[in-house]
Amino acid sequence: MSDPILELRKLNKSFGPVHVLHDVDFSVYPGEVTALVGDNGAGKSTLVKCIAGINSIDSGEILWEGKPVTLADPRAAAALGIEFVYQDLALADNLDITQNMFLGREISRFGFMNDGKMEAKAREALASLSVRTVSSVRQLVSSLSGGQRQTVAIAKAVLWNSRVVFLDEPTAALGVAQTRQVLDLVRRLADQGLGVVLISHNMNDVMEVADRVAALYLGRIAAEVFTKESSTTQIVELITAGRSGDVGLAPATVNESI
Ligand SMILES: Nc1ncnc2c1ncn2[C@@H]1O[C@H](COP(=O)(O)OP(=O)(O)OP(=O)(O)O)[C@@H](O)[C@H]1O
Ligand SMILES: [Mg+2]
């Protein structure tokens with residue numbers, strides 16, 4: 001088994017008097033999909049925003065390839081190759097696929113790149129992810145379906161030699177066929193060597209595509225389990241009760257959290 005590429009150790013985060021994350025340990029491994037699960041308000045998005053440099057952290061360590069790093073702003077994460085696809089996707093409707101993929105980065109990393117080059121690179125990025133549902137990279141994003149938009153957002157995130165990608169509820173708004181496409185894409189990203197973090201409330205998706213599952217319960221990691229060695233029932237119990245049989249938070253901790 002490989003070493004984690006990204007690791008959080010004993011991370012704490014409060015908003016004023018509200019202690020949201022308690023001593024959170026969380027690891028991301030190259031070539032694996034790690035699902036981050038937990039009930040509404042458990043702290044998933046807060047954790048992701050700590051890595052993204054949107055939330056500051058109160059205490060704890062963030063390690064990249066085993067070395068402590070400070071992720072004080074979104075650029076710091078991007079510089080390491082950590083990308084985020086948020087639920088609202090942040091795509092610009094009035095631009096086409098190519099323009100969206102290069103939005104904000106046209107000049108910073110490539111110098112002045114011409115349209116033809118960007119178009120070719122956008123096409124290549126989609127092809128490398130075996131995306132075939134998009135007919136033209138010149139199509140306006142406003143004309144895409146939910147699944148196609150999600151696909152473009154993911155392709156955009158991985159266009160920049162990313163090493164780790166966080167996907168917050170990528171299938172929440174999608175139908176059956178589109179969910180299928182996005183899950184296939186999630187798996188392919190990991191198969192290409194990326195560390196993928198999938199935030200999801202859908203246990204079918206989690207069981208199907210994730211290698212391991214970290215369950216947050218009221219801001220504490222209740223357990224990290226391998227999907228192969230676990231069951232939907234166990235994961236649901238970890239989410240809803242913080243423990244399942246012998247696995248999870250000690251009963252005293254569970255009560256204290258409530
Ligand atoms: N900026 C903030 N200020 C104050 N409290 C916050 C802030 N952001 C999050 N919280 C609180 O932190 C807790 C965790 O919220 P978070 O959004 O991380 O949950 P989540 O696990 O992502 O939930 P969901 O599944 O609903 O998206 C909640 O109680 C929320 O109210
Ligand atoms: Mg959230």
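1. Let's start inside the fold, with strand 8 (residues 195-199). Gly195, Val197 and Ile199 point one way from this strand, Val196 and Leu198 point the other way, and all of them are buried. A residue is called buried if 20 or more other C-beta atoms lie within 10 Å of its own, exposed if 12 or fewer do, and partly exposed in between, with C-beta atoms placed from the backbone. Since 5 of the 5 residues of strand 8 are buried, the strand is largely enclosed by the rest of the structure. As a rule, in a regular strand the side chains alternate between the two faces of the sheet.

2. A word on what you are looking at: this is a predicted model, in which local features need pLDDT of at least 70 and side-chain atom pairs count only at pLDDT 80 or more, while totals for chains, interfaces and linings use all residues. Residues are numbered from 1 along each chain as its sequence is written, and chains are lettered from A and ligands numbered from 1 in the order in which they are written. Helices (H or I, at least four residues) and strands (E, at least two) are DSSP runs, numbered from the N terminus.

3. Two strands count as paired if DSSP finds at least two bridges between them.

4. Now look at the two partners of strand 8. Strand 3 (residues 33-38) runs parallel to strand 8 and is joined to it by 4 bridges. Among the bridge partners here, Leu36 goes with Ile199 and Thr34 with Val197. Strand 7 also pairs with strand 8 in the parallel sense, over 5 bridges, and Val164 has Gly195 as its bridge partner in strand 8.

5. Which residues have the most contacts inside the largest nonpolar core? They are Val165, Leu167, Val186, Val196, Leu198 and Ala215, in a core of 71 residues. Such a core is a set of buried Ala, Val, Leu, Ile, Met, Phe, Trp, Tyr and Cys residues joined through C-beta atoms within 7 Å. Val186 touches Val33, Leu167, Val196, Leu198 and Val209, not counting residues up to four places away in sequence. Touching, or being in contact, means that the C-beta atoms, placed from the backbone, lie within 7 Å.

6. There is another open sheet, of 4 strands, with the order 2-1-4-5 and antiparallel pairing. Strand 2 (18-28) and strand 5 (67-68) stand at its edges with a single partner strand each, so one side of each has no neighbour in the sheet. Helix 1 (residues 44-52) packs on this sheet, touching strand 1 (6-15), strand 2 and strand 4, and its direction makes about 65 degrees with that of strand 2. Strand 4 (residues 59-64) pairs with strand 5 over 2 bridges in the antiparallel sense, and Leu63 has Pro68 as its bridge partner in strand 5.

7. Next, the ligand. The shell around ligand 1 includes Phe15, Val18, Gly41, Lys44 and Thr46; a residue is near a molecule if its C-beta atom, placed from the backbone, lies within 6 Å of it. The largest share of the shell, 3 residues, comes from helix 1. By class, the shell has 4 nonpolar, 6 polar and 1 charged residues. Here Ala, Val, Leu, Ile, Met, Phe, Trp, Tyr, Cys and Pro count as nonpolar, Asp, Glu, Lys and Arg as charged, and the others, Gly among them, as polar.

8. Finally, Gly81 lies in the loop between helix 2 and strand 6. Is Gly81 partly exposed or buried? It counts as partly exposed because it has 18 C-beta neighbours inside 10 Å. Gly81 and Arg163 are 82 residues apart in sequence, yet 5.1 Å apart in space, C-alpha to C-alpha.

Methods
Two residues are in contact if their C-beta atoms, placed from the backbone, lie within 7 Å. Axes are lines fitted to C-alpha atoms, for helices over the stretch in contact, and angles run from 0 to 180 degrees between N-to-C directions.
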